Amino acid sequence: METLEFQAEARQLLQLMIHSIYSNKDIFLRELISNASDALDKLRLAVLQDGVEGDPSDLRIELSADPDARTLTVRDNGIGMTREEVVELIGTIARSGTAELLRRLKDANGDADLIGQFGVGFYSTFMVADKVTLVTRKAGTEGHGTRWESAGEGTYTIEDAPDAPVGTSVTVHLRPADEEDALFDYTADRKIREIVKRYSDFIAFPIRMGDETLNSMKALWARPRSEVSDDEYHQFYKHVSHDWADPLEIINLRAEGTFEYEALLFIPSTAPFDLFHRDTRRGLQLYVKRVFIMDDSKELIPDYLRFVKGVVDAADLSLNVSREILQQDRQIQLIRRRLVKKVLSTIKDMRSNAPEKYATFWREFGRALKEGLLNDPDNQKAILEVASFASTAGPDPTTLADYVERMKEGQDAIYYLTGDSRAQVVNSPHMEAFQAQGYEVLVLTDPVDELWVEAVPDYEGHKLQSVARGDVDLPAPADTPPPSGDFAPLVAFLKSTLEEQVKDVRLSHRLTTSAACLVGDTDDMPPALEKMYRAMGQEPPRVKRILELNPKHPLVEGLRAAHERRSDDTSLPETAELLYGTALLAEGGDLADPARFAKLLADRLADTIN
């Protein structure tokens, strides 16, 4: 026997579980049954695809309780685990987001709805257990099994189990019942039946206790929606997603004719912590004629809809279908296209008929959905129709259709500005004339916004135009007097002085209160996109931008007058540097030489004091 320590994060999670952070402790049995069902699916798949020895006709889950010993055992004859897998999967939480899970659990005051998002349901047994014993043996391997045991106090023991049958059994040594703490007697037949019926009735394998099968084993996706309760759908969703919260929306789909399939999809109510992790598992479960084939089929759903969970059951695919075949299969491509259209139409209906649900959806998944504007041109229009964007019109997001309805007379373009935050965008110098004249501007602050605006040429014939690029064609207010003085010499001087930093200098039509701003030509790469490429290790060509001057600003007018009086003053080039630097900082840009800028500014401030 060997005694090992849990990984540090696993010890913290165990302590949270032991101290009962979740009021509904019944779900520990749901999690064990769900794990057993996964193991049976994996064995059946290994027999079909890999030739592993086994009898897929008698796969089952067995429950046995001993009231005297106060134990409850969940046993399956599924794929089982090797000793190494036991240590990796149970002794260590091998997920990059474990620390994030613990932080969010504490921030949420122990809201264990988060736990399912991190794939650590096995640890829920310690909500009810003084000790947990696991005995397992991997199918298709020679040799002995493995026995694992822990009281959840920081260590576990592991040893050989020579007589272990193929599969896994988990024995929960139960703490004394305490109904005031929602800790029920989980050895009682009635309680076990209640939990199985509520949470696991749809499991595709028989769940037996003695000689009785406790579950109906009916595939929910094959039953008419009118015959299935919302609670049954919710429990099935939790089984396929390992989420502990109810889904936001349920989507049923059935196709008949040339090729047949059924789908049951769910939109979650909260985004998983790893929604934007590259290595996260994603995709739908694929069945063929009710036989489980694959639990993360990326071929069935595009990456920008990776948050959608559920199952697809195809009638005409081979049971030995591989990922390589799926990528080329015409039926799979047709199913994928139909699923995408159904999900997008469901979101559109949600926006029209359930605005509160839609607001939740967009808050949780809008950033992911917008990725489709880049990589799914066939559905770009449909995505734009269901998307919402923050704008200067008010605190609530707006659709593009509503934006177009509010456009001022004579306005043709849809104006937008990207940035790191709403405050940065709204306070940008580029916005001044637009806000002063009452033009609505979309406020785009997600990283993906920098990319999709380049891929979407227009919406309903209206071009998307950045207020920070190109020349603006806003009508000048009628009472605006022309600039006083001749600015041509100053513009020429600034062009020469700042030729390494800017491509041009011109008077601005977009500034009302700021002295200067930097703008790009219409086809130039935006600075934020340049920065994004550099962060990914790429080096795009450096783009020089245009310095625009506000001729009504006292600083610019003073600089014009000073240059007119003493064009050879050595301090004027330094003032030009400061003017450029403040324009760069105002839009959230990075100075090439912050130390020099700080010194110039300090020296200039010192001159004003003396």
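Trainee: Leaving aside its neighbours within four places in sequence, with which residues is Ala46 in contact?

Mentor: This is a predicted model, in which local features need pLDDT of at least 70 and side-chain atom pairs count only at pLDDT 80 or more, while totals for chains, interfaces and linings use all residues. Residues are numbered from 1 along each chain as its sequence is written, and side-chain values use heavy atoms, with hydrogens and water left out. Ala46 lies in helix α2 (residues 27-50); helices (H or I, at least four residues) and strands (E, at least two) are DSSP runs, numbered from the N terminus. With contact meaning heavy atoms within 4.5 Å, the partners of Ala46 beyond those neighbours are Gly51, Val52 and Ile79.

Trainee: How far apart in space are Ala46 and Ile79, C-alpha to C-alpha?

Mentor: Ala46 is buried, at a relative accessible area of 8%; buried means under 20%, exposed over 50%, and partly exposed in between (1.4 Å probe, protein chains only). In sequence, 33 residues separate Ala46 from Ile79, but in space the C-alpha distance is 8.1 Å.

Trainee: Is the crossing of α8 and α9 left-handed or right-handed?

Mentor: The axes of α8 (residues 330-353) and α9 (residues 355-369) come within 8 Å and cross at roughly 140°, where axes are lines fitted to C-alpha atoms, for helices over the stretch in contact, and angles run from 0 to 180 degrees between N-to-C directions. That angle makes α8 oblique to α9, since under 35 degrees counts as roughly parallel, over 145 as roughly antiparallel, 65 to 115 as roughly perpendicular and the rest as oblique. A crossing is left-handed if the near helix is turned anticlockwise from the far one by less than a right angle, and right-handed if clockwise. For α8 and α9, the crossing is left-handed.

Trainee: In β23, which residue is the bridge partner of Val519?

Mentor: Strand β23 (residues 545-549) is largely enclosed by the rest of the structure, because five of its five residues are buried. Strands pair if DSSP finds at least two bridges between them; β21 (residues 502-507) pairs with β23 in the parallel sense over five bridges, and Leu507 stands opposite Leu549. Strand β22 (residues 516-519) pairs with β23 in the antiparallel sense over four bridges. There, the partner of Val519 is Ile546.

Trainee: What is the phi of Glu460?

Mentor: Glu460 is found in the loop between β19 (458-459) and β20 (462-466). Although Glu460 is not a glycine, its phi is positive, at about 50°.
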